[in-house]
Amino acid sequence: GHFTCTQVLFTRRSALVNLALAGPVRPEGLLWIRNVHMPKPGRLFFSYRVSSDAELVEKIYDKLRAQNVDVWWDRKCLKPGQRWEEGFADGLLSSDIFVPFLSKDALEPFAGLARGSPCDNVLLELRMALMLKQLGDIRAIFPIFVGDVNQWGTLGEGYGDFFADGGLPAAPEEQVDAVEQRAIDHLQRVGMRGSVRATTDSSVK
């Protein structure tokens, strides 16, 4: 399938590291007008909600960089003076593997979204990633499901089971128009061409 799922349990040589270092398989037949800000081969893109998961993301970023994995993380990679939304869109377009950090707190705002809601940036990144995967422009989507922090006896703090902890929000099946339009705008901005069907719309499910 298109998705690889993992709980946050980091090993010396994780599946995510292996995926990043394996190198990309580039699609044929997709037309674009860009060099898309280079990197690509094996680059990971970190998508997360700053208010809930920044500390965890920083730890995993440091571990991956120590293993020579190329990671696009906004705190390290945004260019000075660059508009934030344009910056992360360019970062995603230059990446090969999309890694969303999905925690209960990160997803909770989705429950209140409706068709006319303002653009939620986390949902925008998810939507763009689905579009790019459908176009064959990213190799994989590798979500990290972050459970609640619990005490594990003498082991100290650790992450629980995202699904058992009720991590999925009770969100409506609703397309957010602002998210859909901005995702399309960013692809058109860099000259990408291709048909993105509504089979992976920006519904909050």
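Visitor: How many residues of the lining of the second largest pocket are nonpolar, polar and charged?
Guide: This is a predicted model in which local features need pLDDT of at least 70 and side-chain atom pairs pLDDT 80 or more, while totals for chains, interfaces and linings use all residues. Residues are numbered from 1 along each chain as its sequence is written, and side-chain values use heavy atoms, without hydrogens or water. A pocket is an open set of points on a 1 Å grid over the protein atoms alone where a 1.4 Å probe fits, with protein on both sides within 12 Å along at least five of seven lines, and lining residues have an atom within 4 Å of a point. With Ala, Val, Leu, Ile, Met, Phe, Trp, Tyr, Cys and Pro as nonpolar, Asp, Glu, Lys and Arg as charged and the others, Gly among them, as polar, the lining divides into four nonpolar, four polar and seven charged residues.

Visitor: Which element gives the largest share of the lining of the second largest pocket?
Guide: The lining has 15 residues, and Ser 52, Val 146, Gly 147, Val 149 and Tyr 159 lie nearest the centre of the pocket. Two or more residues come from each of helix 2 (50-66), helix 5 (104-107) and strand 8 (157-159), where helices (H or I, at least four residues) and strands (E, at least two) are DSSP runs numbered from the N terminus. The largest share, five residues, comes from helix 2.

Visitor: At what angle do helix 6 and helix 7 pack?
Guide: Axes are lines fitted to C-alpha atoms over the stretch in contact, and angles run from 0 to 180 degrees between N-to-C directions. The axes of helix 6 (residues 121-135) and helix 7 (residues 177-189) lie 9 Å apart, and their angle is about 50 degrees.

Visitor: Are helix 4 and helix 7 roughly parallel or roughly perpendicular to each other?
Guide: Their axes come within 11 Å and cross at roughly 65 degrees. Angles under 35 degrees count as roughly parallel, over 145 as roughly antiparallel, 65 to 115 as roughly perpendicular and the rest as oblique. Helix 4 and helix 7 are therefore roughly perpendicular.
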